Amino acid sequence: MRELPYLAILIMTLGGVAYGAMTRSPLVTYWELVALVSFGVGIFAGWPKAADRDERVRLVWTQVLHWGAFLAAMNLVFLPSVQAVADADSTSLIVLLLLALGSFVAGVHTASWRMGLNGVVMALCVPAVAWLDQSALFVALLAVMVVVVAGLVLWARSRV
């Protein structure tokens, strides 16, 4: 239950990258929602460690500035002049990388290893998503081969 907010951010992020790659369109509002959820989780992660009111106010302001800077950087990626030279796949990877960096740094600010680990996992997903995007035909053929072999094995077992 404790990891649910971090898992939700990761699922939202990967779902947004996948949807953006399929539709080939920028999802500005969706990414802003993911950033706001990450902002909330950052406060959630740091709140128990903040001992008094001053530390909690500092935590909130740190997260406001942190995720505000992320939103500003993300909106720069979605500017028409940037979109003219970047396709939907590269935009999705850039936003994923920004979210990874934002999550990792939020984990550092809030002393939350879970939030920092979430950022590391997102960062590792960047090359994985790029490879899958380039190797979609190979992955599809591999999946078909696995299904065919599994079907043959099940068929052979049923005949015995």
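What pattern does the protein chain follow when read along the sequence? The pattern is α-α-α-α-α-α-α, with seven helices and zero strands in the chain; helices (H or I, at least four residues) and strands (E, at least two) are DSSP runs, numbered from the N terminus. The model is predicted, so that local features need pLDDT of at least 70 and side-chain atom pairs count only at pLDDT 80 or more, while totals for chains, interfaces and linings use all residues. Residues are numbered from 1 along each chain as its sequence is written, and side-chain values use heavy atoms, leaving out hydrogens and water.

The overall dimensions come next. Taken along the principal axes, the C-alpha atoms fill a box of roughly 70 × 45 × 20 Å. The radius of gyration of the chain is 20 Å, whereas a compact globule of 160 residues would have one near 15 Å; the radius is taken over C-alpha atoms, and the globule rule is 2.2 Å times the number of residues to the power 0.38. Of the 160 residues, 32% are buried, where buried means under 20% relative accessible area, exposed over 50%, and partly exposed in between (1.4 Å probe, protein chains only). Among contacts with a separation of 6 or more, 64% join residues 24 or more positions apart, a contact being heavy atoms within 4.5 Å.

Helix α3 covers residues 53–77, and its end C-alpha atoms lie 36 Å apart, in agreement with the 36 Å that its 25 residues should span at 1.5 Å a residue; the expected span is 1.5 Å times one less than the number of residues. The buried residues in α3 are L59, Q63, H66, W67, F70, M74 and V77. An α-helix has 3.6 residues a turn, so residues three or four places apart point the same way. G68 also belongs to α3, but is partly exposed, with a relative accessible area of 34%. Between G68 and A35, 33 residues apart in sequence, the C-alpha to C-alpha distance is 8.9 Å.

A cavity is a set of points on a 1 Å grid over the protein atoms alone where a 1.4 Å probe fits but cannot get out, and lining residues have an atom within 4 Å of a point. One cavity of 30 Å³ or more is counted, and the largest cavity holds about 40 Å³ of space. Its lining consists of G20, S25, P26, L27, W31, F78, A88, T91, S92 and V95. Helix α5 (residues 88–110) supplies the largest share of this lining, four residues.

Notes:
1 Å grid on protein atoms, 1.4 Å probe; cavity = no way out; pocket = protein on both sides within 12 Å on 5 of 7 lines; lining within 4 Å. Points joined across faces, edges and corners; volume = space filled by probe spheres on them.
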